[in-house]
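Please look over the sequence and the structure below before reading this briefing, which turns to a few charged residues and a pair of strands.

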Amino acid sequence: MSKQKLRIALSVVAVVVVIALVVGGWLFQRQGGMATLFASAVPSAPEPNLKDPALIARGKYLALAGDCVACHTEGSGQKYAGGLEFATPFGTMYSTNITPDVKEGIGSWNANDFWRVIHYGVSPKHGFLYPAYPFTNFNSLSRQDSDAIFAYLKSLPPSSRRNTENKMPFPFSFRPILLGWRLLFFKAAAPYQPDAGQSEAWNRGKYLVDGLGHCNMCHSGRGPFASLPASMDLSGGEVVGQGWYGPALNQEGLASWSVDDIGKLLRGGVSPKGAAYGPMADAVFHSLQFLTPEDAAAIGTYLKAVPAREPPEPTQFALNQEQAKQLYAEGSGLYASHCAQCHQPQGQGHGTDYPPLAGNGSVTAEGDMNVVRVILVGGVAAVTGDNKRPFGMPPFGQRLTDRQVAALATFVRNAWGNKASAVSPEEVQKLRGIPL
């Protein structure tokens, strides 16, 4: 068979496979999808007492720990009423209303419906859910925790805010095609079972990090079709559609951090090793500051044990060695005149008010986005119970050119023992265009 005929044959096979997945997915979802498939494997549980104050209080804590409010609230709108926009490579999605409104929210659901959403990513109204909703993480939650979260959501004031339709091109707008994604990248499993060979703190930390906290959604590299390969877990990665980089949270990324340092960042937004800005500051404000000291320490215990993995290759503009040297030299002078007063001449910072730049994993991350974005737009750490009046960094985007920002970023990424790739003016120009 000639190469041309072979290509034609393979193309025909590919088209047939896609058609089969689409038609099969449509039929599968029409018959109840994953909910029907697992109906016998996971029998319905008795309806919990949704009015139980203790169950509601537990659910509130878990919903805060999972940062549900951040994604299911649009701007200054009612909490949990949905409408937040998510720009993805596959189109624009909007979070849904999860208040107890009967028509627009989850008011008509029971605890088993909510469990199927949590555990399988299958909604009574929409069928297969897009993996922008982290059901691949929530799959590990216990039924007791699912019921508690549901009880809390049902206790909220209902909102009749209508859900915004996603703006996605075909075939991504055709939900049954998600069957193919699930077959490739999702395996429904039993809720998390503690590892008898590990400590109680380690197990609790893994449950929170890999499950409820869904940390890999921002701190891991992406595979085909936005999947999250285990080989890239917590190795760092670009936060989809936001122009920020989630630094590695493994043994390499947190090598110089102690469990106490991690706990301080989670609950206070600042630590001797660095501060939370951008999406992480939002996570601290809405969610992580409410963790108990024990849960924060458990997360630190687990993260300190996560093995180092190869980080993903970031999208960056290439610079030759001479260009990088020139940018570094220019950045040295800019640092002395704009940054050294607060961050100190050797980048050591000052307490928790002015984070250190030397040895800062976010500064030297594979992706240079965080350094550039903070220089351009500044940053303020989250207001928390442990840090009620955080210091802020002013923006320099209006007074520095793209080349100057690139030079300054290149310098701080390579001075005082730091070692990272140089930043190009083209990268700065690209990041200027991404909305906050």
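Is Arg403 buried, partly exposed or exposed? Arg403 counts as partly exposed, at 38% relative accessibility, where buried means under 20% relative accessible area, exposed means over 50%, and partly exposed lies in between (1.4 Å probe, protein chains only). This is a predicted model, in which local features need pLDDT of at least 70 and side-chain atom pairs count only at pLDDT 80 or more, while totals for chains, interfaces and linings use all residues. Residues are numbered from 1 along each chain as its sequence is written, and side-chain values use heavy atoms, with hydrogens and water left out.

**Salt bridges**
- The whole structure holds 10 salt bridges, each being a side-chain nitrogen of Lys or Arg within 4 Å of a carboxyl oxygen of Asp or Glu.
- One of them joins Arg403 and Glu330 at 3.0 Å, N to O, and this pair links helix α17 (residues 402-412) with helix α14 (residues 321-338), 73 residues apart; helices are DSSP runs of H or I with at least four residues, and strands are runs of E with at least two, numbered from the N terminus.
- Asp147 and Arg143 form another salt bridge, with the closest N and O atoms 2.9 Å apart, and because they are four residues apart in helix α7, about one helical turn separates them.
- Asp147 is buried at 10%, and Arg143 is buried at 14%.

**Strands**
- Strands β1 (residues 85-88) and β2 (residues 91-94) pair in the antiparallel sense over four bridges, where pairing requires at least two bridges found by DSSP.
- A hairpin of two residues joins β1 to β2, and Phe86 stands opposite Met93 in β2.
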